[in-house]
Amino acid sequence: MVLSGFPLFFGACTVSADTKMATFIKKRFVRHLAFYTGFAFLNKGIAFLLIPLFTRYLTPEDYGIYALFLTAVIVCEPLLSLCVQEAIGNVYFDQSKFKVCEYLSTFLLFSACMFVLQVSLLGLLILFPPGIFKVPGFLLLAPLISMSYIIIALLSWMWQLTERPVPYGKFNFFYLLSQLLLQVYVTVFLKLGWRGVLFAQGTLAFVTILVGLVLLRRNNWIGLTFNKNCLSFGLKFGIGYIPNVLAVRLNDSVGKWFVAQRFDLSSTGIFSAGQKLGMIMGVYNSSFISTYRPWLFKKLTERAARDRGKIQLSVVLAFVSILIFACVGSMGMYLFSGFFLGENFKSALAYVFWSTFAYALSGMYGVISLFIYHTGKSWILSLITVSTAGLNILFTWHFIRTFGMIGAAYAPALAWAIMLVVSVVVVAQLGRGAVR
């Protein structure tokens, strides 16, 4: 990819700060961001209603099982796709090699084959468990749910890249509303516990895949085509990106696994509930980056010197807005904790602030990582995030012994803080290399 876009971020700014601020705020980007973020919070607000539902109608043990199942899902997803879809942004802005429709179609056929392979392997492990390790039968749902997440990600990518937040918002609204209604039905009325929650997830995943494929086809984003060159290009980027995706996602699960090993499923459920409330920061991170990414990639691809100050300012504003929302969000979670947490989960409140702070640092890293992503050097992102996961594991192991369960909340915040500094240094070096 184009490394020469990096001087836009690290070059000297020749326009006054006041002029830059006025110009930047007048631009469509800020207005679009406000609209996009508002829509995302409307959608995610529905998802947050599941927290008080689960903490009242599930036992801490049930919630612990559900949290561990979601960990299996986030591991299955990148192994289904091999992260080939992560290069869509680069393909979209440079279609000299491949058309987007051709690339997406190739990717979906490849993922379908990986889905069949993954289900077959899980089935064999369930029927013929290796040694004393028993594989639960409900894990067969993990590939199905992962496949639905992949379809949702493809739709989101295309709506973001074509700057169409309204269909994105509508789709997510109806998806999350359906999830809420299904979960209410199986947990409140049928009282099926964690089994009902997984059944609802599986049913919704199946319907989502069908609807998502129809929408992709209706927008002419997929067809019946396969190009091995597309797959080769995607695999070259994606395989290097897999450790990055797994490390980012497993970072959220490190604390759960350590708590489950050292304490019990009840403690795991309480810790997971507190961490889940802190994920309100993750909602803002994803909302911001969804809007920021296509805007930034355009600026980096154009390589216009006049955009240098705007990019500098955008990064500063991103960091400031993330910090402000982290403070406001964590205070809001404390104020409304009585609504979100049932009586059995009151102790989860102790983990909310540290979870929010860790997500805030992760969001700042997400902004900086876009500059690395644009180079196509996915292995650098993987190296940074795997190092973050390694630090998280090391800190969690040490802190949980020193401070107890709260130590599992300290660890990711410290790990992300260290690697945020490292990522800034790495991007600075890439920028200097581009200038030479």
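This is a predicted model: local features need pLDDT of at least 70, side-chain atom pairs count only at pLDDT 80 or more; totals for chains, interfaces and linings use all residues.
Visitor: On what basis are the values given?

Guide: Residues are numbered from 1 along each chain as its sequence is written, and side-chain values use heavy atoms, with hydrogens and water left out. Local features need pLDDT of at least 70, side-chain atom pairs count only at pLDDT 80 or more, and totals for chains, interfaces and linings use all residues.

Visitor: Is Ser-146 buried, partly exposed or exposed?

Guide: Ser-146 lies in helix α8 (residues 141-161), helices being DSSP runs of H or I with at least four residues, numbered from the N terminus. Buried means under 20% relative accessible area, exposed over 50%, and partly exposed in between (1.4 Å probe, protein chains only). With a relative accessible area of 0%, Ser-146 is therefore buried.

Visitor: Which backbone oxygen does the side chain of Ser-146 reach?

Guide: A polar contact is a pair of N or O atoms within 3.5 Å; within protein, one must be able to donate a hydrogen and the other to accept it, and residues adjacent in sequence count only if both atoms are side-chain atoms. At 2.8 Å, the side chain of Ser-146 reaches the backbone oxygen of Ala-142.

Visitor: How many residues apart in sequence are the parts tied together by Trp-354 and Tyr-410?

Guide: Rings of Phe, Tyr and Trp (its six-membered ring) pair if their centres lie within 6.5 Å; planes under 30 degrees apart count as stacked, over 60 as edge-to-face and the rest as tilted. By this rule there are 18 aromatic pairs. One of them, Trp-354 with Tyr-410, is edge-to-face, at 4.9 Å centre to centre and 70 degrees between the planes. Because Trp-354 lies in helix α16 (residues 352-375) and Tyr-410 in helix α18 (residues 407-435), the pair ties together parts separated in sequence by 56 residues.

Note on methods: Helices (H or I, at least four residues) and strands (E, at least two) are DSSP runs, numbered from the N terminus.
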